[in-house]
Amino acid sequence: MRYRIAALVMASALATAIPAIAVPAGATPPRIAPDSAGPKPPGPTPPPGTTPPPGAPNGEAWAWTQLTSNGTQIRYVSTDTSQTCPVVRYTLGVNRNPHSLHRVSTPGPSSQFPTTVCELRVPLTASNAVLEQTTIQAARVHPANRELPLPKWSSNTRPSKIAVIGDAGCEVPTTGPVQNCANHQTGWPFQRIADSAANVTKPDLVIHTGDYLYREDPSRENDKAANPGCTTLADRASWDCVIADFFRPAEALLAVAPVALTRGNHEDCNTAHQGGAGGAWFRYLADDLRSNGSCSVYPAPSLIPAGTLTLASVDSSFADPSDNGSTAQRGIYARQFQAVNQAALQSPANDFFVVTHKPLWMVKASGNPPNSAEWLTRVLDAAVADTSLHRLADNVRLVLSGHIHLYQMLDFNSPRPPQLTVGSSGGTLDNGPDDTKVVGQLIGTQPPQAVTQSITQEQNPPQNLAGVFGYAVLNDSGGTWDLTFHDTAGAVRGKTCALSASKTNKSFACH
């Protein structure tokens, strides 16, 4: 388990559970609004055809496609000095026109963010998006072919193949063992995993379950030569370290599919709630980007549409910061899960996946059943129990999480959705439980439910319960979802599991 204890003082009023909130039949759920985005962007981007600022190209730019609650967005971050945004050309119907990205933020005020950030919402039916070379002021751009992947689904369909990764960064703490960041085969294999997912799996969508920025003291890295801007303690959580931990190793994967990103506890707020890893999250990766470097502890959930699939992203980065079983924040998260349930009730024909970094029902260790399991995160389970349904809505099909550096699937053969934990994509692996001792364990509240199936990917159980590096894949299979685990080479390891269609007996049939 990799966590930090956030320096927060929580008001006692927030530590109590909320009363049940009824959801009137046919009512429209309240919009789940993003947190404040800070100051408005500092002026529009010059329109196509405008003469760019004089001078030779400089700096480096990264572009990718991200699913957000505001639709599909092309995002672009550059260290060039022009502070301008490029133009993207995409096809919509029979037309292929240029569209200017708009500027979200400019460099500063600290050296942590030496970037101009741009974004553009793209219609779901658009295709063939390419950055216009003549509008790029950076000397180097990623992807090199300037082509941005767009959704392959419509409003009436959904992604056919989803890759799920999590806890992918290289662990470089201020004290203690340092991961071998320079060894991309066995030391820190995130790049190998991302390459395999891109070239072997070829997903339509990538979901990241959180924890991107692990370089707490970059001076202790052994790959500094590859990351010249991420080499000192002062560099941590800088844009160069974001590149080192996420963008560079994931480059091939970002070039083939849009991503949906969920915040992890390593993207935490500092005591000033300004800058740091949390500030980097909200500046570059969050659902709603900010220009002022601020960081929020409990942003509202984001409902991310992917056709007839909705990803309900719940920010659990500060849930039980010490991972000691505290349920003090249950009122805060009950309101969040209540909002998710309201949205799911309004779209009963859609599948919903709750995506939240800290799991609701993951079993980390287990003795003999029925009540000797170490499971987490209890505050999130308690929060779900405090909603007006006292559970997640029927069409919430899965909970996707990370945090524990393992792959594990648990189901309960009940209205409770299976818990899929994918925290095995790069960070130092944890040891897991003996699956034979997990089945039958009573997990959760109101009431506790027995685990009916547990599949944890481990080296050689029960003798060696160390985790296995890899990622998960969800395939749309005729209206249901097939689940597989893939190793660093992209090969399937273990069973293929098909999610049942039942909303009252949610379980996987594995073979």
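1. C497 and C510 form a disulfide in this predicted model, with the two sulfur atoms 2.1 Å apart. The torsion about their S-S bond is about 115°, so the link is right-handed. C497 sits in strand β28 (residues 497–499) and C510 in strand β29 (residues 508–510), 13 residues apart. C497 is buried at 3% relative accessibility. C510, at 21%, counts as partly exposed, because buried means under 20%.

2. C230 is joined to C241 by a disulfide with an S to S distance of 2.0 Å. Its handedness is right-handed, because the torsion about the S-S bond is about 100°. C230 belongs to the loop between β11 (205–208) and α2 (239–247), whereas C241 lies in helix α2 itself, so the bond ties together parts that are 11 residues apart in sequence. C230 has a relative accessible area of 0% and is buried; C241 is buried too, at 2%.

3. The disulfide of C269 and C295 also has an S to S distance of 2.0 Å. This link is left-handed, with -85° about the S-S bond. It connects distant parts of the chain: C269 is in the loop between β12 (259–261) and α4 (276–285), and C295 is in the loop between α4 and β13 (302–306), 26 residues away. C269 is buried, with a relative accessible area of 5%, and C295 is buried with a value of 5%.

4. On the overall count, a search of the whole structure finds five disulfides. Counting bonded cysteines along the chain, the pattern is 1-2, 3-4, 5-6, 7-8, 9-10.

Key:
Residues numbered from 1 in each chain as written. Predicted model: local features only at pLDDT ≥ 70, side-chain atom pairs only at ≥ 80, totals over all residues. Heavy atoms only, no water. Disulfide = S-S within 2.5 Å. Helix = DSSP H or I, 4+ residues; strand = E, 2+ residues; numbered from the N terminus. Buried < 20%, exposed > 50% of the residue type's maximum accessible area, 1.4 Å probe, protein only.
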